[in-house]
Amino acid sequence: MDLHFGDSKPTDEERAAVDALLGPPESAWEGADRSAADLRWARGGREARDRRDLLLPGLHALNDRVGWISEGALDYLCRRLTVPPAEAYGVATFYAMFSVKPRPATVLHVCTDLACTAAGATRLCAAVETRLGPGSGVQVERSPCLGLCERAPAALVIRAGDDPARPAIEDEAVRTEGGAGGTAPGVEGGPSRSSAAGSGEGKGRRGRAVSRATAVCAPATIDTAIGTATAPENAPSEPPPAAAVPQAGDPTLTLLKRVGTADPASLDDYRAHGGYTALRRAFALGPAGVIREVTDSGLLGRGGAAFPTGRKWQATASQPDHPHYLVCNADESEPGTFKDRVLMEGDPYALVEAMTIAAYATGAHQGYLYLRGEYPRALHRMEHAITRARARGLLGDDILGQGYAFDIEIRRGAGAYICGEETALFNSLEGHRGEPRAKPPFPVEKGLFGKPTVENNVETLVNVLPVLTMGAPAYAAIGTKTSTGPKLYCVSGSVARPGVYELPFGATLGELLTLAGVRDNLRAVLLGGAAGGFVRPDELAVPLTFEGTREAGTTLGSGVVMAFDDTVPLPRLLLRIAEFFRDESCGQCVPCRVGTVRQEEALHRIVERTGADAAGDIALLREVGRAMRDASICGLGQTAWNAVESAIDRLGAYE
Amino acid sequence: MTVTPLGIPRRLLEFTLDGEPVRAPEGSTILDACRAAGKDIPTLCEGDTLTPKNACRVCVVEVEGSRTLVPACSRKAEPGMEVRTGTERARHSRKVVLELLASCVDLSTTPRVAEWLKEYEAKPDRFGPAAARLNEEPKVDNDLYVRDYDKCILCYKCVDACGDQWQNTFAISVAGRGFDARIAVEHDAPLTDSACVYCGNCIEVCPTGALSFKSEFDMRAAGTWDASRQTETTTVCAYCGVGCNLTLHVQDNEIVKVTSPHDNPVTHGNLCIKGRFGYQHVQNRD
């Protein structure tokens with residue numbers, strides 16, 4: 001590949017950030033100073049190009065250190081990885097968390113999505129912007145759902161700087177596993193701390209003393225948001241994960257039983273609470289036996305599509321092409337969803353164990369955990385858990401002395417809802433733009449790196465543990481005939497006790513809302529998130545099962561249950577949903593790229609209108625929505641009109 | 001002597017197209033079968049020399065058992081498939097896709113699109129005067145060709161032709177996301193600062209005229225471009241020994257642009273900068 005690079009040079013800081021990830025360059029062909037040997041020896045070909053998948057971690061390394069991605073930095077990263085600069089530029093501009101223009105080192109992401117808007121995020125964001133003003137060294141950005149809906153309104157501070165776990169000058173090749181710029185694992189509480197914090201005032205980019213920090217501020221007030229943004233290292237710790245689980249400690253829980261009862265940092269505590277019994281059972285059963293159990297359990301995927309997990313595993317395991325890959329989709333970005341975050345923060349070893357079982361069953365030796373970029377605490381927890389498991393021989397070349405090799409690499413997302421689509425996630429992992437692929441071929445045949453891949457959601461994988469410990473028949477006895485097992489629900493909005501709830505399939509929406517303490521003036525419930533649909537307060541008898549919600553003409557999706565009272569103007573909510581899809585459309589296919597824009601425009605026109613005044617635009621919305629549903633490439637475009645349609649048809653919005 | 005590669009004999013598979021049984025060679029797409037059966041399916045992002053990207057979704061058809069419509073350009077025909085091309089559902093999506101495109105992109109130089117807009121009764125105006133458009137100015141930053149992204153439907157053909165499907169130069173990519181996505185070189189720089197080698201193979205595949213010869217762009221601006229007065233002469237490039245075919249488009253005894261036959265078994269419509277743009281000496285009358 002004959003690449004062309006411009007004249008821009010990276011700064012020392014940028015070079016150090018990339019080298020910390022990739023190691024020092026070996027020759028002038030990948031960015032070192034030219035030596036006599038380079039004239040006689042060329043490095044290129046497939047071997048040089050094979051590291052393309054490190055492009056996203058490389059962009060993260062730059063963004064973590066400097067806060068934005070300059071021309072020189074991008075060119076240097078491209079040289080190191082033999083990636084065409086135009087393509088890398090296309091990738092860097094794809095993700096919301098990256099900037100190719102200079103910006104302050106500190107970015108304050110204020111969630112303005114559904115639950116947070118209902119909790120006053122619009123005013124919060126405007127006030128924070130006014131108070132901070134220009135020149136404050138903090139960039140305020142309106143963010144799609146941050147997955148902190150139980151603590152709305154939420155804000156996330158990301159400050160670029162030196163890695164506190166690492167010396168400023170990297171001579172020794174400290175390489176964090178997974179390539180993500182990790183911080184000291186196992187630190188209790190979200191924000192990574194460092195005594196080397198800067199003055200806090202900081203256009204810290206040039207101040208060498210400023211260290212990288214992330215902090216979550218939820219529920220946020222104007223003062224706490226500004227305080228956290230100016231000094232993220234001093235932010236108060238987040239409440240423990242169990243605070244998001246109102247049922248914590250209930251002995252009948254299956255998936256959430258360890259959240260709040262076992263120390264998420266302790267592998268011993270995990271084992272003392274029943275950890276790694278499922279993996280032992282898996283080794284006793286053998287791969288085919290595990291797949292049989294999972295198939296017999298009737299486990300359906302929990303990410304939203306409800307595909308039978310056993311069938312997916314069987315299809316991957318039987319592919320003659322090798323290697324097989326396992327990908328865990330932890331890019332939880334559906335507005336209103338936060339169950340995977342709570343699982344990873346509260347019971348990280350469960351996911352490590354479940355991924356090991358899935359890989360064993362499907363013949364994979366390498367697993368990727370694609371983790372949402374906006375989840376700093378989940379990242380710390382998972383990094384720590386994976387490191388501990390590796391040190392104890394529960395990951396690596398010879399797991400539990402069974403001669404089976406498996407390891408997990410964490411890859412961080414960078415702010416793109418579409419990367420939760422399974423094939424878009426593959427492209428993102430491979431270092432391409434996160435655009436969905438055409439199916440067929442399906443991932444079980446040609447997935448990650450073109451190889452057979454099984455991709456499962458976090459909650460799906462965690463369900464495999466009870467399937468194996470209690471056995472398929474006992475697991476299948478939970479729930480209904482066609483929706484088996486326990487299910488997690490993310491309840492937020494107008495309820496007294498928002499959080500993640502675990503109920504067996506078949507409980508009604510009303511039962512769940514009563515458990516969460518729904519308030520009296522309920523106006524609507526959004527099921528399944530932005531891609532889901534609204535139901536009325538008189539439809540609370542809907543059984544929460546895949547078939548039950550389908551019969552009721554709605555969807556369970558990823559388990560979002562968002563309650564809205566009559567103080568929230570419905571047209572504003574619909575407009576926010578439409579904005580979300582417009583912002584998150586990848587732009588590949590016309591129905592979604594332009595359709596989501598036209599949908600938002602029409603909803604904007606009728607935000608204050610009703611009846612005959614809105615009829616024309618509603619008819620237009622129906623036509624555009626139908627084409628998006630029928631003709632879009634992937635689920636994003638196909639579902640972009642669902643919530644709006646349900647609000648018009650079921651709730652009588654605009655009547 | 002012309003050698004037509006025959007390839008390995010392919011099995012014929014049978015399926016139903018609009019109620020009629022048809023036979024298509026294994027591996028052919030629904031679109032291939034439609035064209036063989038004389039059915040006219042609109043296409044924009046499909047290219048005869050490129051792997052289908054199925055991004056424009058204007059060729060969608062209904063396939064029995066499929067939850068959504070499927071793109072005819074990329075879906076392979078399967079035995080027993082029941083395909084319907086003219087249903088209300090398929091026509092509705094095509095209509096809306098054409099409306100969505102025409103409401104934000106300048107399709108004035110896209111061949112056949114006016115005919116399709118009429119056929120599908122598309123009304124791009126109904127999104128109102130405030131409907132967002134691309135609003136791009138033509139990028140004229142070199143002497144050879146112009147990038148007028150106000151006419152770009154983001155079909156990815158230029159990216160594929162520049163990248164691993166033909167040229168392997170990788171000078172352009174899609175940058176940005178969603179409605180703000182645009183074709184760009186690295187750092188959105190002028191073409192002259194990029195990896196571009198000016199082969200013009202992107203112009204060859206551009207379906208909308210967003211990419212055009214500077215000569216064509218200037219003549220259109222001056223109002224002197226008149227395709228009906230042009231002749232096309234296919235000849236052999238005189239520069240090197242490869243012997244690429246050139247098609248010279250001549251208006252008023254002047255070469256106004258150069259293309260290359262896509263069915264050429266060696267070059268498939270691709271040229272280099274010399275063949276594509278180096279024709280001035282032919283017209284040197286001194």
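Buried residues make up 61% of the 655 residues in chain A. Here, buried means that 20 or more other C-beta atoms, placed from the backbone, lie within 10 Å of the residue's own. This is a predicted model, and local features need pLDDT of at least 70. Residues are numbered from 1 along each chain as its sequence is written.

Start with overall form. A compact globule of 655 residues would have a radius of gyration near 26 Å, and chain A agrees with 24 Å. That radius is taken over C-alpha atoms, and the globule rule is 2.2 Å times the number of residues to the power 0.38.

Now the elements. Chain A has 24 helices and 13 strands. These are DSSP runs, numbered from the N terminus: helices are H or I with at least four residues, strands are E with at least two.

Look at strands β6 (residues 364-371) and β7 (residues 407-412) of chain A. They run parallel, joined by six bridges. Strands pair if DSSP finds at least two bridges between them. Between β6(A) and β7(A), the chain passes through helix α14 (residues 376-391) of chain A, in a right-handed β-α-β crossover. Right-handed means that, with the strands pointing away from the viewer, the path from the first strand over the helix to the second runs clockwise. Tyr370(A) has Arg411(A) in β7(A) as its bridge partner.

Next comes an open sheet of five strands. Their order is β10-β9-β13-β11-β12 (chain A), with mixed pairing. β10 (499-504) and β12 (533-535) of chain A are the edge strands, each pairing on one side only. Inside the sheet, β11 (residues 522-527) and β13 (residues 560-565) of chain A run antiparallel, with five bridges between them. Leu522(A) stands opposite Asp565(A) in β13(A).

Note on methods:
Chains are lettered from A and ligands numbered from 1 in the order in which they are written. This is a predicted model: local features need pLDDT of at least 70, side-chain atom pairs count only at pLDDT 80 or more; totals for chains, interfaces and linings use all residues. A residue is buried if 20 or more other C-beta atoms lie within 10 Å of its own, exposed if 12 or fewer, and partly exposed in between; C-beta atoms are placed from the backbone.
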